Amino acid sequence: MVKSELMKYSCPLGKAMSALGSKWKPIIVLVIKDRKLRFGELAVRINVISRKVLTDQLREMQTDGLIIREEFKELPPRVEYSLTEKGLALLPILYLLEEWEAKFTTEDYGSEKSCGVLGKEKKKEVGV
């Protein structure tokens with residue numbers, strides 16, 4: 001089901017999944033957290049995403065009310081991204097999803113690379 005079809009329904013879960021329906025949006029939310037980041041900083045912190053996909057995801061998130069895009073009229077041009085109240089409210093939910101996965105996983109993730117955005121110290125910042 002495509003995003004536009006999900007948005008037609010009045011189901012809150014359908015609308016939520018539409019807003020977070022990609023693998024990158026939750027990661028972007030976790031990387032931005034409670035600070036302002038420039039596009040280049042986001043691209044470096046999430047180095048496995050292409051700049052085009054990052055741009056597309058940020059535009060969708062802005063449309064869905066998850067992030068604020070702030071432009072500064074400077075040379076060179078500067079743009080900063082931060083989470084809206086709606087975006088900040090996702091942080092505890094995403095931390096709970098991480099705990100849920102950790103509880104039911106039987107694999108040893110010790111040999112895999114850590115995503116580096118979901119440490120215990122991060123959870124304390126949002127009161128989880």
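**The surroundings of Leu42**

Tutor: Leaving aside neighbours within four places in sequence, Leu42 is in contact with Val31, Ile32, Leu37, Leu54, Leu58 and Tyr81; contact means heavy atoms within 4.5 Å. This is a predicted model, in which local features need pLDDT of at least 70 and side-chain atom pairs count only at pLDDT 80 or more, whereas totals for chains, interfaces and linings use all residues. Residues are numbered from 1 along each chain as its sequence is written, and side-chain values use heavy atoms, without hydrogens and water.

Leu42 belongs to the largest nonpolar core, which has 25 residues. Such a core is a set of buried Ala, Val, Leu, Ile, Met, Phe, Trp, Tyr and Cys residues joined through side-chain atoms within 4.5 Å. Buried means under 20% relative accessible area, exposed over 50%, and partly exposed in between (1.4 Å probe, protein chains only). Ile28, Ile32, Leu42 and Ile67 have the most contacts inside this core. Two or more residues each come from α3 (24–32), α4 (39–45), α5 (51–63), β3 (78–83) and α7 (90–104); α3 gives the largest share, 6 residues. Helices (H or I, at least four residues) and strands (E, at least two) are DSSP runs, numbered from the N terminus. In soluble globular proteins, nonpolar side chains tend to be buried together.

Arg78 is buried at 19% relative accessibility, while Glu74 is partly exposed at 37%. Salt bridges also link Lys25, Glu60 and Asp64 in a network.

Key. Salt bridge = Lys/Arg side-chain N within 4 Å of Asp/Glu carboxyl O.
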